[in-house]
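The notes below follow a reading of the coordinates, point by point, with the cut-offs stated where each term first comes up. Please keep the structure open alongside them.

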Amino acid sequence: MLDVLVVGGGYVGLSAAVAIKQAAPHLAVEVVEAAPEDAWKRDPRASAIIAAATKMLDVFGLWGRIEPDAQPITRMIVTDSKTSDPVRPVFLTFDGAVEDGRPFAHMIPNVSMVAALRDACADRGIVIRHGLRATGFRDTGPSAELTLSDGSVIQARLVVACDGVRSRLRDLAGIRTVTWQYGQSGIVTTVEHERPHDGVAEEHFLPAGPFAILPLKGNRSSLVWTERTEDADRLVASDGLVFEAELERRFGHKLGTIRATPDRRAFPLGLTLARAFIAPRLALAGDAAHGIHPISGQGLNLGFKDVAALAETVVEADRLGLDIGSVNVLDRYQVWRRFDTFRMGVTTDVLNRLFSNDVTPIRVLRDLGLGVVDRIPGLKSYFIREAAGASGHNRPRLLGGQNI
Ligand SMILES: Cc1cc2nc3c(=O)[nH]c(=O)nc-3n(C[C@H](O)[C@H](O)[C@H](O)COP(=O)(O)OP(=O)(O)OC[C@H]3O[C@@H](n4cnc5c(N)ncnc54)[C@H](O)[C@@H]3O)c2cc1C
């Protein structure tokens, strides 16, 4: 019987396995992943990863390896305008390091992060079983029984569901969600440009939703471009010229000539919050527990916070000789993470509704709000420390760069 079985070998699943195994090497930990072995190599995306999460990667011994591919975000500017406006007025700027000289976030290519996490699993003897889906889950009392798509059954004292926003395990455990769709999709692509970005990230609030330009290493930026779902699908399917013309209208000419790389995909956007994060012998983490709008680039970062809190909960319980899959133990994790998640879900929902429209009185009010935040340094530094995960008296140890 395994001690911990992680279902889902994405960023959150792999880091949960590494975090637990690193602090408690005697525990038997495995990962089950539905996708084939090298599917992750084809992900062209990059993610904004906050300072606190890079500290956790440091504790895993991975930051030194990822950092050469990671672009520090040195400054962030926020604008609010119509798509056709020739100038996008800046209402808010953030800059500077938050703590230990670290910038508040880095842009990290997904492949660099997953490659490092997979090697960390291999180094710690964590087996990843590929091409297998979890299809059944049963709490038998002393353990959980997980059925896989090949008919095999695995027993584990604790199952960690990291199987994404449409989590099958969440459904199998009977955990309900609060869910709605925004009717928007996020187009993700990479743009090459003539001039350097100097580490500046830009978030342009346009009537269809936020248009984010996020700096990558070299003269390249990653885009998260929000449109109504039917427009996004049309744009993604359009030929290169139409796509680049629409892109240029939004991107502007500040960085000189631009060229979009052919990889582009649209992700439908919604909000999904699990009503419970735990059940007997089961803990949800990452998007399985919460899928949020990418307006603030915090989805995966919330998942990393889950990992840090869950690993600390499980490892400390194990040290005390407690049953790591019992509801009594797992409740500490649920209490620890539920409020922060709910708050972030509500914040992203309100921000998206407030900024994804062109109603003049709302626009005036939101621009006033941005202006106020911009002029009060204390408030600004509070927001930036919050976004970087640098504040909070109850921060899990891994996020402060400490071992469990
Ligand atoms: C457009 C866009 C931009 C974003 N940008 C950012 C950003 O800049 N910063 C940020 O922090 N977040 C960002 N996010 C959010 C981030 O991508 C997600 O929060 C993150 O991918 C969640 O990771 P995860 O491991 O929980 O889930 P996933 O990445 O969805 O991984 C789930 C894994 O489980 C596997 N799986 C699924 N079902 C099963 C099953 N039954 N059995 C076994 N395996 C299974 C899947 O194959 C997959 O590998 C963005 C999201 C979008 C849509």
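1. Glycine 151 sits in the loop between strand E12 (144–148) and strand E13 (153–161), where helices (H or I, at least four residues) and strands (E, at least two) are DSSP runs numbered from the N terminus. Glycine 151 is exposed, its relative accessible area being 51%; buried means under 20% relative accessible area, exposed over 50%, and partly exposed in between, with a 1.4 Å probe and protein chains only. Its C-alpha atom is separated by 9.7 Å from that of leucine 132, a residue 19 positions away along the chain.

2. On provenance, this is a predicted model, in which local features need pLDDT of at least 70 and side-chain atom pairs count only at pLDDT 80 or more, while totals for chains, interfaces and linings use all residues. Residues are numbered from 1 along each chain as its sequence is written, and side-chain values use heavy atoms, with hydrogens and water left out.

3. Two residues other than glycine deserve a look at their backbone angles. Most residues other than glycine have a negative phi, and most peptide bonds are trans. Aspartate 198, in the loop between strand E14 (177–193) and strand E15 (200–206), has a positive phi near 55° and is exposed at a relative accessible area of 61%. Arginine 281 also carries a positive phi, of about 70°; this residue lies in the loop between E19 and strand E20 (282–284), and it counts as buried at 5% relative accessibility.

4. How many aromatic pairs does the model contain? The count comes to three, under the rule that rings of Phe, Tyr and Trp (its six-membered ring) pair if their centres lie within 6.5 Å, planes under 30 degrees apart counting as stacked, over 60 as edge-to-face and the rest as tilted. Phenylalanine 211 and tryptophan 225 form an edge-to-face pair, because their ring centres are 5.6 Å apart and their planes stand at 70°. Since phenylalanine 211 belongs to strand E16 (residues 209–216) and tryptophan 225 to strand E17 (residues 220–228), the pair ties together parts that are 14 residues apart in sequence. Both of these residues are buried.

5. Phenylalanine 277 and tyrosine 333 make a tilted aromatic pair, with 6.5 Å from centre to centre and 45° between the planes. Phenylalanine 277 lies in the loop between strand E18 (258–274) and strand E19 (278–279), and tyrosine 333 in helix H9 (residues 327–355), so this pair ties together parts that are 56 residues apart in sequence. Phenylalanine 277 and tyrosine 333 are both buried.

6. Phe211, Trp225 and Phe243 form one aromatic cluster. Arginine 264 lies over the face of phenylalanine 243, at 4.0 Å from the ring centre; a charge sits over a ring if NZ of Lys or CZ of Arg is within 6 Å of the ring centre and within 35 degrees of the ring normal.

7. Serine 221 is found in strand E17 and is buried, with a relative accessible area of 1%. Its side chain is joined to that of histidine 193 by a polar contact of 2.8 Å, a polar contact being a pair of N or O atoms within 3.5 Å, where within protein one must be able to donate a hydrogen and the other to accept it, and residues adjacent in sequence count only if both atoms are side-chain atoms.

8. Histidine 293, in the loop between strand E21 (290–291) and H8, is buried at a relative accessible area of 1%. A polar atom of its side chain lies 3.0 Å from the backbone nitrogen of isoleucine 295, and a polar contact of 3.2 Å joins the side chains of histidine 293 and asparagine 352.

9. Which residues are closest to the ligand? They are Glu33, Ala48, Ala134, Asp287 and Leu300, among 27 that surround it, where a residue is near a molecule if one of its heavy atoms lies within 4 Å of it. A polar side-chain atom of glutamate 33 lies 2.6 Å from a ligand oxygen, and a polar backbone atom of alanine 134 is 2.9 Å from a ligand nitrogen. Of the 1000 Å² that the ligand exposes when taken alone, the protein buries 84%, with areas from the Shrake-Rupley method and a 1.4 Å probe; for residues, only the protein chains shown count as cover.
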